[in-house]
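Okay, thanks everyone for coming. Let me put the structure up.

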Amino acid sequence: MLKKRIIPCLDILNGRTVKGVNFVNLKDAGDPVELAKTYIERGADELVFLDITATIENRKALTGLVEKIAAQINIPFTVGGGINSVEDVENLIKAGADKISINSSAVRQPGLISEIASKFGSQCVVVAIDTKKTDAGWEVFINGGRTPMLPDTVAWAIEAQKLGAGEILLTSMDRDGTKDGFATYITAAVSRSVSIPVIASGGAGTMQHFRDVFFNTDCSAALAAGTFHFGLIDIRELKNYLRNENIDIR
Amino acid sequence: MIAIVKYNAGNIKSVQNALDRLGFESVITNDPKEMKKADKVIFPGVGEAGSAMQFLKEKHIDKTITALEQPVLGICLGLQLLCRHTEESDTECLGIFDTNVKRFPPAGKIPHVGWNSFMSLHGNLFSGISLNDDVYYVHSYYAEISPHTTATCEYILPFSASMNRDNFYATQFHPEKSCGTGEKILLNFLQL
C-alpha cells in the first residue's frame with residue numbers, strides 16, 4: 001500500500017536553517033544536516049529545503065550545502081527557492097538534489113517546466129503554487145505571496161502537469177503560519193483535477209489537521225515547517241496518531 | 001571495488017553516496033575493463049529509457065553489461081533496461097529478464113511516488129526484510145510479473161518490485177533513498 005507522506009520543510013538562509021527550533025538533544029539547531037537527521041530519525045518521509053537567501057553570491061553556498069546533505073541523508077529531498085533557469089537546476093541535481101521546486105519562475109516562464117522535465121525527467125520537477133482566496137476566486141500569487149499573477153489555481157495546476165510537472169506543492173497563503181489547519185477545499189479541488197501527486201502545505205497546527213487533509217482530500221503528502229521546528233508536533237507521534245486513524249503511514 | 005555504471009541518467013551520485021555511507025569503495029565508470037574487473041556492478045538510473053538505451057549502444061556499454069559475470073544490481077530505470085522491451089519510447093532493452101515494461105494505466109496518480117511495502121518477497125536480497133517494510137519508489141512504468149520476479153508491490157496493479165536471474169539482480173525502488181530498509185537491501189547485495 002502506498003503511504004501518505006509527511007514532509008518537514010527547512011528554511012535555509014546563508015546555508016543555515018532559520019526559525020527558532022525547540023529540539024532537545026540537538027547539538028546545533030542551525031545546521032540543516034543535523035536538523036534533517038533528527039527529522040529522519042523521527043520518521044520524516046522526505047525533506048524540503050527552501051532557500052530564502054536573497055543575494056546571488058550567498059546562493060552559491062547552496063550548492064555546497066546540497067552536496068553535504070546528499071552525502072549524509074538517506075531519504076529523498078527537494079530543493080527550492082530562487083531557481084530561475086535550467087542551469088540552476090543542473091547545479092542542484094548534480095550536487096545531489098532528488099527534486100527541485102520552482103514557483104515564481106514557473107509562472108513567469110511556464111516553458112521552464114518543460115525544459116527541466118525533458119532534461120532531467122518529470123519526477124524531479126515539483127511545481128510550487130501559492131494560492132489565496134480573493135473576490136476573484138483562488139488566485140495564484142508569486143514573489144513570496146506578494147503579487148497576484150493568475151486568476152485560477154486549478155487551471156494553473158492542470159497546465160503545470162501538461163508542461164511536465166511531476167508533483168504539485170500547494171500552499172494556502174491564508175492558512176500559512178496560522179495553525180488553523182490545511183485549506184482542504186482548494187487542496188481537494190486541485191488533487192481531483194490533476195493526475196500527479198499533490199502535497200498539501202500551509203496551516204498545520206494539530207495532528208488532527210493532518211488527518212483531516214488526508215481524509216477529506218486526495219493529496220499524497222502533507223508538508224509543515226514551524227509546527228515541526230517548534231516541536232508542537234513530533235513526527236513519530238503524528239505518524240502513530242495517523243496510523244490509529246487508519247491512514248496508511250510508513 | 002564496486003563499479004557504478006556511468007551513463008546519461010540521473011541519480012548516479014546518490015548511489016555512490018549510499019555506498020560511501022556503508023563503507024564500500026566505488027567508482028563511477030563506463031570503461032568496460034573497469035566494469036569487468038569490479039567485484040560488483042551497480043546499474044542505477046532515473047531518466048528516459050529510449051535515450052538511455054541509445055547512449056548505452058553508442059558507447060557499447062550494452063554488451064559489456066549483459067556479459068558481466070559478477071553480481072549486478074539494476075536500480076529503477078536500470079531494472080527496466082534489463083527487461084526485454086519497454087513501452088517508454090517503444091524501446092528494445094537488454095533482455096536479461098524475460099518480461100516487458102509497461103506504463104501504469106491511468107487509474108491513480110502517476111508517477112507512483114513515495115513509500116510502499118511488499119506483497120511478496122523472497123531471495124537473498126531480502127534477508128532480514130519483512131513485507132511491511134517500506135521502500136521508496138518514483139516511476140511511471142513498471143515491469144510485469146515474471147518467473148524472474150523475487151518481490152512484488154501493488155500500485156494500481158501488482159508489479160515486479162525486484163527481479164533476479166543468475167548474477168543479475170534489480171529493484172524498481174531506490175534502496176539508496178529508502179532509509180534503513182534500503183541500506184539493509186544494499187548490504188545484502190554487497191555481501192553476496
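So, searching the whole structure over all chains turns up 16 salt bridges. Keep in mind that this is a predicted model.

Let's begin with A:Arg5 and A:Glu46, which form a salt bridge with the closest N and O atoms 2.7 Å apart. This one links distant parts of the chain: A:Arg5 is in strand β1 of chain A, residues 5–13, while A:Glu46 sits in the loop between α1 (32–42) and β3 (47–51), 41 residues apart. Are these two buried or exposed? Well, A:Arg5 has a relative accessible area of 0%, so we call it buried. A:Glu46 comes in at 2%, so that counts as buried too.

Next up, A:Glu90 and A:Lys94, whose side chains meet in a salt bridge at 3.5 Å, N to O. Here the pair is local: both residues are in helix α3 of chain A, residues 86–95, and because they are four residues apart, about one helical turn separates them. As for accessibility, A:Glu90 is partly exposed at 23%, and A:Lys94 is exposed, at 62%.

Over to chain B. B:Arg84 makes a salt bridge with B:Asp98, and there the closest N and O atoms are 2.2 Å apart. Again we have distant parts of the chain being linked: B:Arg84 belongs to the loop between α5 (77–81) and β5 (85–86), B:Asp98 to the loop between β6 (91–92) and β7 (100–103), and they are 14 residues apart. Both ends are partly exposed, with B:Arg84 at 35% and B:Asp98 at 44% relative accessible area.

Right, on to the helices. In chain A, α8 (residues 207–216) packs against α10 (residues 235–244), with the axes 10 Å apart and an angle of about 45 degrees. That angle is why we describe α8(A) and α10(A) as oblique to each other. Their crossing is right-handed.

Which residues of α8(A) and α10(A) meet? From α8(A) we have A:Met207, A:Gln208, A:Phe210, A:Arg211 and A:Phe214, and from α10(A) we have A:Glu237, A:Leu238, A:Tyr241 and A:Leu242. Sorted by class, that contact has six nonpolar residues, one polar and two charged.

How values were computed. Residues are numbered from 1 along each chain as its sequence is written. Chains are lettered from A and ligands numbered from 1 in the order in which they are written. This is a predicted model: local features need pLDDT of at least 70, side-chain atom pairs count only at pLDDT 80 or more; totals for chains, interfaces and linings use all residues. Side-chain values use heavy atoms; hydrogens and water are left out. A salt bridge is a side-chain nitrogen of Lys or Arg within 4 Å of a carboxyl oxygen of Asp or Glu. Helices (H or I, at least four residues) and strands (E, at least two) are DSSP runs, numbered from the N terminus. Buried means under 20% relative accessible area, exposed over 50%, partly exposed in between (1.4 Å probe, protein chains only). Axes are lines fitted to C-alpha atoms, for helices over the stretch in contact, and angles run from 0 to 180 degrees between N-to-C directions. Angles under 35 degrees count as roughly parallel, over 145 as roughly antiparallel, 65 to 115 as roughly perpendicular and the rest as oblique. A crossing is left-handed if the near helix is turned anticlockwise from the far one by less than a right angle, and right-handed if clockwise. Contact means heavy atoms within 4.5 Å. Ala, Val, Leu, Ile, Met, Phe, Trp, Tyr, Cys and Pro count as nonpolar, Asp, Glu, Lys and Arg as charged, and the others, Gly among them, as polar.
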